[in-house]
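Hi,

Here is the structure I promised to pass on. Have a look at it first, and my notes follow below.

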Amino acid sequence: MAVPPLLRAVIMGPPGSGKGTVSARIIKHFGVKHLSSGDLLRDNMQKKTEVGILAKSYIDQGQLIPDHIMTQLMLNEIKSLDQHNWLLDGFPRTVAQAEALNKECHIDTVIDLDVPFETIKCRLTARWIHPASGRVYNLEFSPPKVQGIDDITGEPLVQRDDDKPETVSKRLQAYDAQTKPVLEYYRKKGLLKSFSGTETNKIWPHIYAFLQTKLPDVSQKDAAKPR
């Protein structure tokens, strides 16, 4: 029996789109290697590698990490996964990165989570935390018994700066400006597969069905039912 070609996939979606949840399910069901630019960056900064030190110097100055540094970081890691199916997450973020990636390997598919910004804003701004314990509340799904108060200690809840409406709006606008050209780049190549919806659990079965046309489900339990 012919061995199917290895899958080279990218997942894209704005912050709060459910990308982490979807990626975890893809890994569980299809056994792909997940390569997250954020995780790789943190790992390199922690280990104080040459690229890590360089990247940290930009972050400390509040600057974006230049394309060539992110590209070098990701391509080095990708080379070590040439025998595996993989899913890139957080890269490429710019057309220059996409073009550099294209020179090194052929991407099969780009999964785009098309979740309305209003839905994401509601989702992210509904999150409040109790700083001392790290308990997280969501005003929609798991609200505190008394608004603005921790259930256990009675202490006030706070909203992380990242979750404040004005910050969320800025992050979404920045994502849109940066990645629209990348989505267009892959759309022109016929590689973009967009999945629209407002709930991860309703989008997931469509992504699962699409990936089943490319890879077998390797999860042992309940393989017939996508979760």
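Thr21 is partly exposed, at a relative accessible area of 39%. Please keep in mind that this is a predicted model. Thr21 sits in helix H1, which covers residues 19-30. An unreviewed UniProt entry lists Thr21 under the feature "binding site", along with Gly16, Ser17, Gly18, Lys19, Gly20, Arg127, Val136, Tyr137 and Thr200.

Tyr137, from that list in the UniProt record, is worth a look too. Tyr137 belongs to strand S6 (residues 135-138). With a relative accessible area of 6%, Tyr137 counts as buried, because the cut-off for buried is under 20%. Setting aside neighbours within four places in sequence, Tyr137 is in contact with Ala126, Arg127, Trp128, Ser142, Pro143, Pro144, Asp150, Asp151 and Leu157. One of these, Asp150, also makes a polar contact of 2.6 Å with Tyr137, side chain to side chain.

The other part I looked at is helix H3, residues 50-60. Its buried residues are Val51, Gly52 and Ala55. Viewed down the axis of H3, the buried residues fall within an arc of 95°, so they line one face of the helix. They pack against helix H2 (37-46) and helix H4 (67-79). On the other side of H3, the exposed residues are Glu50, Ile53 and Asp60. Just after H3 comes Gly62, with a positive phi of about 70°.

Best wishes

Terms used
Residues are numbered from 1 along each chain as its sequence is written. This is a predicted model: local features need pLDDT of at least 70, side-chain atom pairs count only at pLDDT 80 or more; totals for chains, interfaces and linings use all residues. Side-chain values use heavy atoms; hydrogens and water are left out. UniProt positions are given in the numbering used here, feature names are shortened, and annotations may be inferred rather than shown by experiment. Helices (H or I, at least four residues) and strands (E, at least two) are DSSP runs, numbered from the N terminus. Buried means under 20% relative accessible area, exposed over 50%, partly exposed in between (1.4 Å probe, protein chains only). Contact means heavy atoms within 4.5 Å. A polar contact is a pair of N or O atoms within 3.5 Å; within protein, one must be able to donate a hydrogen and the other to accept it, and residues adjacent in sequence count only if both atoms are side-chain atoms. The arc is that of the directions from the helix axis to the C-beta atoms.
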